[in-house]
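The report that follows goes through one structure in sections. Please keep the sequence and the coordinates at hand while reading.

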Amino acid sequence: MVDFVHTRDDHSAASPQRSEAGERRTAAERGRQNAPPRSDVGTIVLHWATALALIVCLLTGLRVGTFGYVTPRFDMWLSPILPQGELWTWHFFSGLGLFFCTSAYLIYVYRGGLTARNTFKKLRIMLIPGAGKMRWDAINVGLHWVAYVLVVMMTTTGILLYLGFGGWWVWIHAITALVAFGYIFLHVLTHYLYGGWWQLFRLFRPAKLVMTRAARPYALLLGTAVGVAMVAVAAGIDWTSRDTLVIPHVNGAPKIDGVLDDEVWTRARPVSVRTEQGANLGGTGESLVEIRAVHDGINVYFAFRWEDPTRSMKRTPLIKLADGWHMLAHNSDIANVADFYEDKLAIGFSRSPTFGSGESTYMGTDPLPGMPKPLHGMGYHYVAEGNVMDVWQWKASRGGHLGRVDDQYFDTPREPTPDEWAGKARWQAGYWNDPGRAFYSYNYKSEPPGGYRGPVGIYRLPKDWKAMEAALGSNRLDPNKSDDEGAHWWMMEEETVPYSPEADAAIPVGTVMPGVLISGDYEGDRADIHGAAKWKNGHWHLETVRALRTGSHYDQDFIPGRDLYMWVNVFDHTQIRHTRHMRGVRIVTEP
Amino acid sequence: MLKQQSTLTGLSATLFGAAVLFLFLALYHDADRNAPLLWSAVLLLIAAVVSWLVAASAGERDHFSD
């Protein structure tokens, strides 16, 4: 990024002061003039600071891109050389580092009287035949300007992504980053062609900045000070402008029915959160989430309203073919379904406001060496000791329309079971369900990666397949089309019989059957949250209720004076590819 | 003085190289246990910058001593 072609320090004896004193030039000075070039120390420091920040930014960004939508295959191809783990913090801090370097370099160049080094006039040399070495100088200047544009574009689009804007901004950010990745190699090559190895080595050979009439003292010091100040201002603006959701104490509770018309909600100031880069969502990947909350001294009530163009209820349904029952969804074996899947909303609560959703997101194909690898190759959720994240997950067909919200958590990674060690079952590191039980299960036998390509084993069949199919509504086979209101993409246990070839023979080929079974009820810690949801006009509306304090190790209590931070992620008929929410919402519970 | 500048240049390049090594070890190391590596990288980078500044000054003094 930083230009290190600086003729004044390259041939220091050619400076004005030295020209005036030319007659006094000593043999030693002439020797130095012919010596390999040096660069002024400010350029060296800022160049390497920029290079390190850019490389860390690119490496971590490419890892993030492995579960993005722009060039995921290319990013995954680079996966073996990409870092793994909690990389959001690295990415944002290196981005801030790049912002520091840009600010500092601008000041340094102007203060140091170095603007001529990158003047556009040099580009004309490229048109002169036989310009030789000077042509490479011009090419380098041109490339430096390309780098400046790339950095400005990456910084601008990165800020937009951080604020929750998706769509084309994601594409521009990702493509610009890939161009910057290629630029690094081109930059080194063209400087080598300009001046050989010494042109590259000069970045390790410091000289003092030559003071010309255009230069002012303390260029590097002031540049650094301005850079630090700019970063401090940016971080300060980010921190002070983060959303705060105040939970007021109210008399009276809302009716938990998924209709946000209760008078009590008018007393709650809503917070709107932009989320982006989720699967589906009409192709934009974006969803705006509006959040309200109140408490009555005993319970805390939340109201969520989020954008989702379709009501999706199908969670890994099955279809009967001539040779048996088949899974309609793709990638179910690697827990990465993004077609025949239900809508979901995940809400995380943590005491930590840090990046990566409270440092709970660890990316990579093997982010925990020595432990089972993630089936989908994207990473794990877990946290460090003492940083438990309480996770509420509303699941449209797994109790989401039966009054339940799943109570889960992120904690330190759990010891895998033998099946998980063997890769036969999905190990989820630190992401698990609260103790107790849920009332849903799956109506097919689990298969390891590579499975679900043929007929699958079935546990139960409907007593009345016609009634079951009627309950599914009119849309049975299109995952991108909205399901009917009131469609049931689950079966109650009492509506089913255990699988038998005789019962199966009575069901015709082409029948579609839900993949979810409901039996019994929620129990234990896992039963802490109730809710109700309705989809209307391209939005889901969800109301939830939970006790302010549960006392569970796996929950976060809502306590006046003890702030919490919240992240929300929208799943539009996808298993894991939820939208991203970068800036946690501060939660203040009023007494 | 030229010898001193040369020594400092070599020292700063070594410090910088070590800092880069520690930085990437921290980046590629288990994220839960990378703080010591990261702090080592930061300290080495600061040392490299100081060394570069001193090396540049040594070169300047050499100029006036001719």
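Among the contacts in chain A with a separation of 6 or more, what percentage is accounted for by residues 24 or more positions apart? Such residues account for 74% of those contacts, two residues being in contact if their C-beta atoms, placed from the backbone, lie within 7 Å.

## Basis of the model

This is a predicted model, in which local features need pLDDT of at least 70 and side-chain atom pairs count only at pLDDT 80 or more, whereas totals for chains, interfaces and linings use all residues. Residues are numbered from 1 along each chain as its sequence is written, and chains are lettered from A and ligands numbered from 1 in the order in which they are written.

## Overall build of chain A

Chain A has 13 helices and 24 strands, where helices (H or I, at least four residues) and strands (E, at least two) are DSSP runs numbered from the N terminus. Its C-alpha atoms fill a box of roughly 105 × 60 × 45 Å along the principal axes. Of the 591 residues in chain A, 47% are buried; a residue is buried if 20 or more other C-beta atoms lie within 10 Å of its own, exposed if 12 or fewer, and partly exposed in between, with C-beta atoms placed from the backbone.

## Nonpolar cores

A nonpolar core is a set of buried Ala, Val, Leu, Ile, Met, Phe, Trp, Tyr and Cys residues joined through C-beta atoms within 7 Å. The largest one has 115 residues, and A:Val45, A:Ile291 and B:Ala19 are among those with the most contacts inside it. Helix α4 (residues 41-65) of chain A gives the most to this core, with 15 residues. Because domain 1 (7-240) and domain 2 (245-308 + 343-435 + 524-589) of chain A both give residues to this core, it lies between them; the domain bounds come from an automatic or database domain assignment.

Leaving aside residues up to four places away in sequence, A:Val45 touches A:Leu220, B:Val49 and B:Trp52. A second, separate core of 27 residues includes A:Tyr341 and A:Met491.

## Helix α7

Helix α7 (residues 133-162) of chain A has 30 residues and reaches 43 Å from its first C-alpha to its last, close to the 44 Å expected, the expected span being 1.5 Å times one less than the number of residues. Its buried residues, including A:Trp136 and A:Leu161, pack against α6 (88-111) and α8 (168-201) of chain A. Just after α7(A), A:Gly164 takes a positive phi of about 105°.
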